[in-house]
Amino acid sequence: MIAPWPTARPAAQIPPQRGDADEAMAAGTTVDHLTETYRAHYRSLLGLAALLLDDTASCEDVVQEAFIRVHSARGRVREPEKTLAYLRQTVVNLSRSALRRRILGLKLLSKPMPDMASAEEGAYEQLERDQLIKAMRGLQRRQREVLVLRYFADMTEAQVAETLGLSLGSVKAYGSRGIAALRIAMEAPA
């Protein structure tokens, strides 16, 4: 004997209408399955990321992001036994992306300037240079000539003597007196 269909179902017994997304969710990976996968395979996925990346923090970030993405897309994983494979592939892809970002960041970083003085150091050097030029102008003509040829033109004392037509002793004397006068002028307040 077949029981007749009830004419009306109570509202509590009517199953809710499911959309296509809900049906896909029911067919896909469940949250419980994903939680079990997390507990069972987190360390192995972390090890996979460690083989691809170089620091622990990035590895943990990649694995966490992989679980978040799989959780968001769990309705697309039709067969729960493929969840781990999906997670592994996501870890590999996220690791590649992290490495790509690092390489791009390194390429975009401006290359450091060669060892150059800062603007402040340059300003101080300019002040010192100006002070030196002013002090040099205050020297006697022969002292200035000897110092310029000896230290700025990098000549030996004999070459300076020959160039200026002076004796070697005179070049030494003018040089010594010129340096002493420069020392006093440079130490004096400007």
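Q: Which residues touch the most other members in the largest nonpolar core?
A: This is a predicted model, and in it Leu45, Ala49, Val62, Val63, Phe67, Leu87 and Val91 touch the most other members of that core. The core has 16 residues.

Q: Okay, and which helices supply at least two residues of this core?
A: Helix H2 (31-52), helix H3 (56-72) and helix H4 (83-108) each do that.

Q: Which one gives the largest share?
A: That's H3, with six residues.

Q: Zooming out, how many helices and strands are there in the protein?
A: Eight helices and zero strands. Going along the sequence, the pattern reads α-α-α-α-α-α-α-α.

Q: And what percentage of the 190 residues is buried?
A: Buried residues make up 23% of them.

Q: Switching to the surface: where's the negative charge gathered, I mean which residues form that patch?
A: Glu120, Glu121, Glu125 and Glu128 come together there as a patch of negative charge.

Q: Where does Glu120 sit?
A: Glu120 is in helix H5, which covers residues 119-137.

Q: Is Glu120 buried or exposed, and why?
A: Glu120 counts as exposed because its relative accessibility is 55%, and the cut-off for exposed is over 50%.

Q: Where is Asp154, then?
A: You'll find Asp154 in the loop between helix H6 (141-152) and helix H7 (157-164).

Q: Buried or exposed?
A: Asp154 is exposed, with a relative accessible area of 64%.

Note on methods
Residues numbered from 1 in each chain as written. Predicted model: local features only at pLDDT ≥ 70, side-chain atom pairs only at ≥ 80, totals over all residues. Heavy atoms only, no water. Patch = residues over 30% accessible without salt bridge, like charges linked within 9 Å, V, L, I, M, F, W, Y side chains within 5 Å. Areas by Shrake-Rupley, 256 points an atom, 1.4 Å probe, with all protein chains shown as cover. Salt bridge = Lys/Arg side-chain N within 4 Å of Asp/Glu carboxyl O. Lys, Arg positive; Asp, Glu negative; His and termini not counted. Charge placed at Lys NZ, Arg CZ, Asp CG, Glu CD. Helix = DSSP H or I, 4+ residues; strand = E, 2+ residues; numbered from the N terminus. Buried < 20%, exposed > 50% of the residue type's maximum accessible area, 1.4 Å probe, protein only. Core = buried A, V, L, I, M, F, W, Y, C linked by side-chain atoms within 4.5 Å.
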